[in-house]
Amino acid sequence: MLDAARVRLARQRALPFCGITTRETLTMDHRGGKVADKRHAGRWLPMLVMLLGWCLTAMADIAPDAAALAARIHQEVNLAREREGLPPLAWHGELAAIAQKHSTDMVGRDYFSHASPEGTSMRERYEQAAYECAVQVGEEIYVGAENIAMHTLYRRVRIDSAGRRHYDWLDDAALARKVVSGWLQSAGHRQNMLAPHWQREGIGLAFNADYEVLITQNFC
């Protein structure tokens, strides 16, 4: 990202306003729905529009570029494989699309699991995308694997005496290293990532409102 740390620090000043709330007098319309009193709406509308613009700009600056971050994670994965004497994984668009759909669903419905709330598994997500994975090694046939991760977009947060939050934001390279390092420290995730039979991978990620990124990594 282009001088992302400076941009984030500049936009951070707008963030405390993003949680602003106002008290509105509510009346009932003729259909029984609630509508804001026009006197209050007229007074607050210009300020709310301005604050909304600040908040959207701040959030856009804080969130990394998803494609760039996915590419950095892919690079770190292949560096880890190289250190183990393993061939690199090729980037695969179909796997990335499957991974992206799962990450987006986890953020949209506020869960973190290999299975969706309905119980949809990785194998079923491959089937829904009409993606067939069958890697034969001897008598064994491997039909895919999946890693997921969740990480904050910052190293730490400091709260000052006025209650304002000050974030130490991670750049793409540092965030990618932390994600891959976390996988390497988990036996199951490490096994998936360093399996010699996998030939390709796809990574998809999504950001939530708590300054966290949820990542899905699919293999074949």
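**First stop: the end of a helix**

Select Asp110, which counts as exposed because its relative accessibility is 73% (buried means under 20% relative accessible area, exposed over 50%, partly exposed in between, with a 1.4 Å probe and protein chains only). The model is predicted: local features need pLDDT of at least 70, side-chain atom pairs count only at pLDDT 80 or more, and totals for chains, interfaces and linings use all residues. Residues are numbered from 1 along each chain as its sequence is written, and side-chain values use heavy atoms, with hydrogens and water left out.

Asp110 follows H4 and is found in the loop between H4 and H5. Helices (H or I, at least four residues) and strands (E, at least two) are DSSP runs, numbered from the N terminus. The phi of Asp110 is positive, near 55 degrees, in a residue other than glycine. Most residues other than glycine have a negative phi.

In the loop between H4 and H5, select Ala115 as well. Ala115 is partly exposed, with a relative accessible area of 29%.

**Second stop: helix H4**

Which residues of H4 are buried? They are Leu95, Ala96, Ile98, Ala99, His102, Ser103 and Met106. They lie on the same side of H4, because they cover an arc of only 160 degrees around the axis (the arc of the directions from the helix axis to the C-beta atoms). On the other side of H4, Lys101 and Gly108 are exposed. Among the elements against which the buried residues of H4 pack are helix H5 (122-128) and strand S9 (200-207).

Select Tyr211, in the loop between S9 and S10. Tyr211 is buried, with a relative accessible area of 12%. Tyr211 is not a glycine, yet its phi is positive, at about 60 degrees.

**Last stop: helices H3 and H6**

Finally, select residues 66-83 (helix H3) and residues 172-184 (helix H6), which pack at an angle of about 50 degrees with their axes 9 Å apart. Axes are lines fitted to C-alpha atoms, for helices over the stretch in contact, and angles run from 0 to 180 degrees between N-to-C directions. Contact means heavy atoms within 4.5 Å. The residues of H3 that meet H6 include Leu69, Ile73 and Val77.
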